[in-house]
2 protein chains.
Amino acid sequence: MEKYSTKDVNGATTSNLNISIVGAGLVGSLAAIHLGKRGHKIKLYEYREDIRTAELVIGRSINLALSARGRKALAEVGLEDKLLEHGIPMYARMIHNLDESHKIIPYDNKSSQAIYSVGRKYLNEILLNAAEKYPNIELKINRKLSGGQVSNGEMIFTDTFTKEEEKVSSDLIVGCDGAFSSVRREMLKKPGFNYSQTYIEHGYLELCIPPAKDGGFKMPENYLHIWPRGKFMMIALPNQDRTWTVTLFMPFENFDAIKSSSDLLSFFNIYFADSIPLIGEERLIKDFFKTPAQHLVAIKCRPYHISSKVLLIGDAGHAVVPFYGQGMNAGFEDCSILTELFTQYDSNLEKILQEFSDQRWEDAHAISDLAMYNYVEMRDLVNKRSYLMRKAFDDFLFWLMPNFWVPLYNSVSFSHMPYKKCVDNRAWQDKMLSKVFKFVGFLVLCGAGVGIYSFTRRLNINTEIIEWIEKLKFN
Amino acid sequence: MEKYSTKDVNGATTSNLNISIVGAGLVGSLAAIHLGKRGHKIKLYEYREDIRTAELVIGRSINLALSARGRKALAEVGLEDKLLEHGIPMYARMIHNLDESHKIIPYDNKSSQAIYSVGRKYLNEILLNAAEKYPNIELKINRKLSGGQVSNGEMIFTDTFTKEEEKVSSDLIVGCDGAFSSVRREMLKKPGFNYSQTYIEHGYLELCIPPAKDGGFKMPENYLHIWPRGKFMMIALPNQDRTWTVTLFMPFENFDAIKSSSDLLSFFNIYFADSIPLIGEERLIKDFFKTPAQHLVAIKCRPYHISSKVLLIGDAGHAVVPFYGQGMNAGFEDCSILTELFTQYDSNLEKILQEFSDQRWEDAHAISDLAMYNYVEMRDLVNKRSYLMRKAFDDFLFWLMPNFWVPLYNSVSFSHMPYKKCVDNRAWQDKMLSKVFKFVGFLVLCGAGVGIYSFTRRLNINTEIIEWIEKLKFN
C-alpha cells in the first residue's frame with residue numbers, strides 16, 4: 001500500500017497533537033483524514049470489527065444520499081471524485097401514486113444537480129483505505145471504550161477479543177461514535193451540558209428489490225422513488241449492484257397490526273401494489289418479518305465539548321432523522337469546519353472547541369428540525385397541489401434570480417449556506433410570498449372579484465414551514 | 001416508636017408487591033408511605049447518610065414552598081397538619097424596589113390562601129419518621145445503586161461503608177433519586193425513551209439573613225420577598241428559626257464578574273442596598289465566596305417507564321427550575337396519582353405504569369415550561385405596569401366569577417387542576433381578554449379618539465404567555 005510520508009502532508013502545522021478519534025465509521029474516518037492531513041498523530045478507535053472484512057451491519061441503512069456539504073468535505077482531502085464515480089446520481093423524486101401512475105419532481109430544475117446514492121460500506125472502505133495511507137494515522141479495531149475520564153483526555157479501551165485494557169491519554173478526543181455515543185456518556189453528567197434525545201413515533205424497516213433478470217435495474221435508476229401515503233411512506237434508493245434498498249416508514253402501531261403474511265400482502269396490495277412484483281412476494285414476506293421495525297432518533301447537544309480535551313461531531317453530537325438525507329453530510333461538514341478552525345486558531349484547542357460549539361449548534365438544531373419537517377413533506381405534502389404550486393413558484397423565481405431566490409431544498413442540498421440561514425431564508429421567502437399574494441389578492445378583489453382571490457390563497461397554504469416545525473418538536 | 005401493624009393499613013389490597021424505592025429524599029419517603037400504606041413490602045434505599053442525623057447538604061435549597069398539590073398528597077397519608085404547623089405561610093410577594101420602597105402583591109386576593117415555607121430537613125425527617133412506623137417499610141441508608149438491570153427489576157447496591165454488595169430483585173422499582181438519577185441511566189439507552197436536560201444560563205447562590213437581636217425576624221415574615229432587577233433577582237424565604245434563606249439568581253457571567261469583596265459590595269450597594277444591613281457585610285462576603293454559583297437544570301422524560309418493573313417520579317422524571325415553587329409539589333402529586341392508579345388498576349403494574357406515563361408527561365412538561373416563564377415574571381414583569389394591570393383584571397374577574405375565571409397562579413398553586421389544563425386555561429383567557437380589549441379599543445377609537453386606545457393596548461402587553469414560553473425553550 002502506498003504510504004504518504006509526513007512531509008507530503010499539506011497544511012501541517014508546527015504543533016503535533018495526539019488526537020484520539022472514537023468511532024471509525026464514516027465521520028470518524030473522514031475526521032481522521034482531515035486531522036491527519038494536518039500532521040497530527042491520530043489514533044482511530046473502532047468498537048466493531050473492520051467494516052472492510054465484515055458482514056453487513058444490521059440496523060444501519062446501507063445506502064445514503066451524498067450532497068454538496070459531504071462532497072466539499074471529501075474534496076478537501078481529494079476523495080470527491082472517487083466517490084462520485086461510484087455513486088448513482090438521483091436528479092429527481094419519482095412519485096409512485098396509488099393508481100400506479102408516476103410523477104417526477106426534479107431536485108434542481110435550473111442546473112440539474114443531483115444527490116448521489118452511495119453505499120455505506122463502500123464509502124467507509126474508501127475512507128479507511130485513504131486514512132491508512134497516512135503514516136500518522138493508526139487504526140485500532142475491536143476496541144471498546146470501557147472507562148477513563150474523557151474531560152481529561154483519558155480513556156480506557158478494552159480489546160473485545162483479548163479483553164486486555166489499554167489506557168490512552170490524548171490532547172484531544174473526538175467522539176464520532178454515533179447516536180448512542182459512549183464518549184458522550186460522561187459529558188451528560190457535566191453541569192451546563194444541554195442534551196435531548198427524541199424518538200419519533202414512526203419506525204422503519206428495510207426491504208430489497210433485486211436486479212432484473214437481465215442484470216439491470218428494475219426501475220429507472222436516476223431517481224429517489226417515493227410512495228407517499230399520507231401517514232406513512234416507502235422510499236427506494238438505487239445500489240451499485242442494481243438492487244434497490246427499499247425503506248418503509250410507518251407508525252409502530254401500523255407495523256404491529258401486520259401479524260401474518262396475509263396481513264402483509266393485503267396491506268401491500270392496497271398501498272404499494274406496484275412494488276410487490278418488484279420485490280417479489282416471497283422475499284417481501286421473508287424480509288418484512290426478519291427484524292422488527294427500528295426506531296428513529298434525533299439527538300441535540302449544546303455545547304459539543306465540556307473541556308478543551310473532548311469534542312463530539314457527527315451523529316454523536318447531532319443525529320437527525322433521515323428525511324433530508326443530511327445526517328452524513330452534516331457530519332462530513334463538521335470535518336470541514338474543524339479543519340477551518342484548526343487553521344484559523346493554529347491548533348489552539350480551547351478556542352477551536354469553543355468556536356465549534358458556538359457556531360455549530362444552531363445549524364445542527366436547524367437541520368434536525370428540517371429533517372423532522374421533511375418527513376411530512378415526503379409522505380404527504382409532496383402530493384398536494386399547494387406544495388407543487390409553491391415549488392413551481394420557487395423554481396421560477398430561482399431561475400429568474402439564481403443568487404437572490406434559492407429554494408430551501410437547494411440551499412440545504414446544493415449549497416454550503418449554514419443550515420440555520422437556510423431556514424431563516426425560507427422564513428423570509430414565506431413572508432415575502434405571503435405579502436405579494438395578499439397584495440395581488442387585494443388587487444384582484446378590487447378588480448375582478450372574489451373567485452380568483454381564493455385561488456391565490458391556495459398558493460399560500462404550503463408556506464408556513466416554521467409552524468410545521470414547531471408542531472413537530474418534542475418538548 | 002409506635003408501629004402500625006399491617007392490619008391497620010388502610011386501603012391495602014390483596015396483592016403484596018415487593019417495591020424498591022431508590023432515594024429517600026422528600027418524594028421517595030412520601031412514595032414509600034403512600035405505597036406502604038397499601039400494604040406493599042417497601043425497601044427504601046438512600047445513597048447518602050440518614051438526613052435526620054446528617055449535617056446540612058450543600059447545593060440543595062434548604063427551604064421550599066408547599067402548596068395545594070403537595071398538601072393534598074400529605075393529607076392523603078395524614079401528614080398535612082403536622083407540616084402546616086411548622087410551615088410559615090406566605091400570603092403575598094413583597095417587592096423590594098431599587099429605591100428601597102416596597103410593594104405587596106397578594107397571591108390570592110379572594111380568599112387569602114398562602115404558600116408555606118418549609119424546611120427541607122424538617123420535612124424529610126417527618127416523612128422518614130412516618131415511614132418507619134410502618135412495619136412493611138424498611139429504610140436502607142448508605143446504599144449506592146451500582147449495577148443491575150432496572151428494566152428487569154434487578155439492582156445491585158453497594159454499602160458505602162463496608163463496600164458489600166447486595167443484589168435486589170423487585171416487582172417494581174420507583175426511581176426517586178433526583179435530577180441526576182442513577183435509575184434513569186439504563187432507561188436512557190432504551191429505544192423510544194425521550195429525554196432532555198436543559199440548563200439555563202443563570203446560576204444561583206444561597207445567602208442568609210440571621211435573626212434580629214431580639215430573636216425575631218428581620219423582615220415581615222409572611223411574605224416571599226423579591227428584589228426584581230430585570231436580568232437577575234434575589235428572593236428570600238423565612239425559616240422556622242427566624243433566619244431567611246436568600247437566593248441570588250443571575251447569569252453566570254455576572255457571577256464571574258464579581259471577583260473581590262469590593263466588587264461584591266459595590267454590586268450589592270447598587271442593586272440590593274437594603275439587604276446589606278440585613279445580611280451583614282462580613283457574612284455576605286463569607287457566604288458569597290464560599291461556594292461557586294450552582295447550575296439550574298430542567299429534565300423532561302417521556303415515558304416514565306421502560307418496562308412494567310421500573311418507574312421514575314419526582315425530579316428523576318421531571319426536574320424543573322425553581323421559579324414556580326412547584327418541583328416538590330409536582331413530585332408529591334406523583335405520589336397521589338400513583339396511589340389513585342394502584343386503586344384503579346388493583347396493583348396491575350403494566351396498566352399503572354402505562355397510564356402514569358400517558359397522563360403525566362403533558363402536565364410535567366407544562367409545569368416545566370411555566371417555571372421557566374415565571375423566572376421572567378419574577379425578575380422583570382412583576383414591576384411592569386402592564387403585569388400589574390393584568391393581575392388586577394384577573395383578580396377582579398376571579399372575584400366576580402370564582403369558578404369560571406381562575407388566574408394562572410391560583411390554578412397552579414391553589415388547585416389540583418392538571419398543569420397542562422392550567423396553561424390551556426390561561427391561553428384561553430389571553431384570547432378572550434385580547435378580543436375584549438380589541439373590541440373596546442375599536443369602540444373607543446370610533447367614539448373618543450386614538451389616545452385612550454393606546455392605553456387599552458397596554459393592558460394587553462402581558463397576555464402572550466405562550467409566546468414567552470416558546471422563546472424560552474431549549475430546542
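Buried, for this talk, means under 20% relative accessible area, with exposed over 50% and partly exposed in between (1.4 Å probe, protein chains only). This is a predicted model, where local features need pLDDT of at least 70, side-chain atom pairs count only at pLDDT 80 or more, and totals for chains, interfaces and linings use all residues. Residues are numbered from 1 along each chain as its sequence is written, and side-chain values use heavy atoms, leaving out hydrogens and water.

Start with helix 1 of chain B, residues 26-36. 11 of its 11 residues are buried. Among them are Leu26(B), Leu30(B), Ile33(B) and His34(B). Helices here are DSSP runs (H or I, at least four residues), strands likewise (E, at least two), numbered from the N terminus.

What does Ile21(B) touch? Its contacts (heavy atoms within 4.5 Å) include Gly28(B), Ala31(B), Ala32(B) and Leu35(B), not counting residues up to four places away in sequence.

Next, chain A. Strand 14 of chain A runs antiparallel to strand 17, residues 244-251, with 8 bridges joining them. Pairing takes at least two DSSP bridges. His202(A) has Pro251(A) as its bridge partner.

Now the symmetry. A 180° rotation with 0.1 Å of shift along its axis superposes chain A on chain B, RMSD 0.1 Å. The two copies are thus related as by a two-fold rotation axis. Which residue of chain A comes closest to the rotation axis? Ser196(A), at 1.9 Å (C-alpha). The same surface serves both copies: 100% of the contact residues of chain A recur in chain B.

Key: Chains are lettered from A and ligands numbered from 1 in the order in which they are written. Copies are superposed by least squares on the C-alpha atoms of residues with pLDDT of at least 70 in both.
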